[in-house]
Amino acid sequence: MQPTSPNFKANAKAALADRPLQAALGKLAQGFPMRRAEAAARLPEFERLRDQARDIKDHVLENLDRYLELYEAKVVEQGGQVHWCETAADARAAILRICRKAGAISVTKSKSMIGEEIAINDFLEQNGIEPVETDLGEYIIQLRREPPSHIIAPAIHLSLDQVADTFLEKHTDLDPNRAIREPRALLEEARTRLRGKFLGADVGLTGANMLIAETGSNVLVTNEGNADLTYGLPKVHIVIASLEKIVPTLEDATTILRVLARSATGQDMSVYTTFCTGPKRPQDLDGPEEYHVVLLDNGRTKMIGSEFHEMLRCIRCGACLNHCPIYKSVGGHAYGWVYSGPMGAVLIPNLIGMETAGHLPNASTLCGKCESVCPMRIPLPRMLRRWRQRQFAAGRGGFVAKTALGLWAGLVTRPKLYRFLMGLGVAALGQLGSKGKFKWLPLAGGWTQVRDLAAPAGDTFVAQYHKGPRGDQSGDLIRKGWRP
Amino acid sequence: MNDPTQPNVGLFATCLVDLMRPQVGFAAVKLLEAAGCRVSVPEAQTCCGQPAYNSGDEPDSIAIAKQVIETFSEFDYIVVPSGSCGGMIKRHYPEMFEHDSGWLAKATALAAKTHELLSFLTDVRNYSPTGVSYAGRATYHDSCSSLREMQVKAQPRKLLGAVAGLTIAEGNEAETCCGFGGLFCVKYPDISESMVDAKIDDIVKTGADTLLAGDMGCLMNISGRLQRRGIAVRARHAAEVLAGMGDLPAIGEPAKGRD
């Protein structure tokens, strides 16, 4: 997907004016955070589990090469195959090779952010293979040719009416006067259409919430059961996953599962949790005949050991999006690529470059809410600041901003000059702002566009304090109207 | 005045209090003295450097941090009427000197004795105001840094609970960012506007006539937007009310005798 991240400001402005989007974001803001808080409160060991989950991934990242080799050996032992892919193009090519070999014309797909990252759907279409998204939200945005706006709720930006309109527009073989304004009717229509696709698919393409080194399994978590029909019915199952998804053992996987759904949707567990291990064995009644894992790097090994190392702990639960006041204001599409929210603002510049995604780490108040809910305790605000440091060091802050900051810092580090100039400044502003506030002030346009600016009192605190009569600096004189 | 058993407190007023709202500084002095502290206000203080730090300007933030560390190291405690500037000193100064062991030791020592004003009054000095009143219904905004970097939540409510005539009406979104974010609010004014409007809607829902908080950044942002929208909720730093200075003009109101 062509990133629109450089247009973040315009994207955000449009999103703020988009009423259906704002209504949808309002609902999200109320739902997910409340349910997460309730789920966390129900589980006394939740905070301890977060520590454990963090430690598991830290350990994996310290020993990633070893666990990847163990994992591959296990996959091969069960009759599967691992395809190591450095770039998105490598991964696309590997998937196409497997599909071609299977003679595939139709591929069902369960939700995968890596699938979005490598834009596999467009690529398969260009090569004459029909990709069919089977997660309801993904199916809707596939019909609309939109990227997901949320990592676990890809169509969260749409209203029910917008979905109904999409179905009426795209499902042209059905009665245009049918009643589909109710959620149930929409669900039934999607279910009916997808049932045939499930049965007819040649290849099933899934993501992976985790890869388990001990068993060579991949874990799939859904609420719709679509992943099970995606991998279980076709002859070939392709798992596409990035390499940091590895965990050492089944036990570790269950620890992470205990924080995943609680953080994401507030469920104790997602409705369906599936462990897939290799292709069908002789004694199995069903299952795929081939099992492939397309293991993607796409810039991640470069993050190891960098100041963004800890981002690789992310399990894509979406909690940071759900709790982010910026995300809740502008939604996911404003970020301009497949990821969004705080995790996106840290990850996207790593994957598509700081030049393209430079706005994202800056568009944050660093309020810290994301870190406070992240099940993997990723210090997201610190990493957003790291990106700003890189930008500043590369001179990308803009000449005016850099010069202004430099002048200001020069002043702040010279207290006597600072006192003198600030004294003059607040005296002048105090005189001008006799009504207590400014509606407009030169050089303060960004502030006064939205709000009034309180006027200073006429003299600084430090100056008043030191000029005031000793022994009565405690405010009583101020109360009586004392002015130096 | 020079009781050696009293802790020697350096008041870091913060640049916003110093330049925009001196009475918060005086309120802080009054409260600290009432809580049994000797208070000094070093003239060499300017700003904690947060605008530079959050803009990615490491060299300037380090220069500013060194100056703050040198100015305040002599005191038993450094008290700051802001969770944001307090958090800068307590959490971020040590981060800055990760690779400079000499300065790291100094930064860590300063961080250990740095406190946000309201939590210092309750947690360190076990102080509770007496004989203070404020007629009104106030809602309290938890600034992000106070809440998440300085663990300030119950302390201001406990202190304000001792003020006669004052009721606190909690907002559902008391812990949600107001959209200030330092330079964020001028770099991304559209998003900031949406955030401060959501904050204001929540304040209005509480039926409060007064907004209290412990950070001037948030207070100037929210009060400036309240005034722009013509909503009659007055904004004050909590220290002003606690120090019995709640009758002074609210933020953005004309000084008495000048209107």
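Chain A is divided into domain 1 (5-302) and domain 2 (399-479), with bounds that come from an automatic or database domain assignment. The centres of domain 1 and domain 2 of chain A, taken over C-alpha atoms, are separated by 53 Å. This is a predicted model, in which local features need pLDDT of at least 70 and side-chain atom pairs count only at pLDDT 80 or more, while totals for chains, interfaces and linings use all residues. Residues are numbered from 1 along each chain as its sequence is written, and chains are lettered from A in the order in which they are written.

Chain A meets chain B through 59 residues, which are in contact with 66 residues of chain B (contact requires C-beta atoms, placed from the backbone, to lie within 7 Å).

In chain B, 4 strands form an open sheet with parallel pairing, in the order β2-β1-β3-β4; strands are DSSP runs of E with at least two residues, helices are runs of H or I with at least four, both numbered from the N terminus, and two strands pair if DSSP finds at least two bridges between them. Because β2 (38-40) and β4 (114-116) of chain B stand at the edges with a single partner strand each, one side of each is left without a neighbour in the sheet.

Further in, strand β1 (residues 8-11) of chain B runs parallel to strand β3 (residues 77-80) of chain B, and 3 bridges join them; B:L11 has B:V79 in β3(B) as its bridge partner. Helix α2 (residues 22-34) of chain B packs on the sheet, where this helix touches β1, β2 and β3 of chain B.

Methods: Two residues are in contact if their C-beta atoms, placed from the backbone, lie within 7 Å. Axes are lines fitted to C-alpha atoms, for helices over the stretch in contact, and angles run from 0 to 180 degrees between N-to-C directions.
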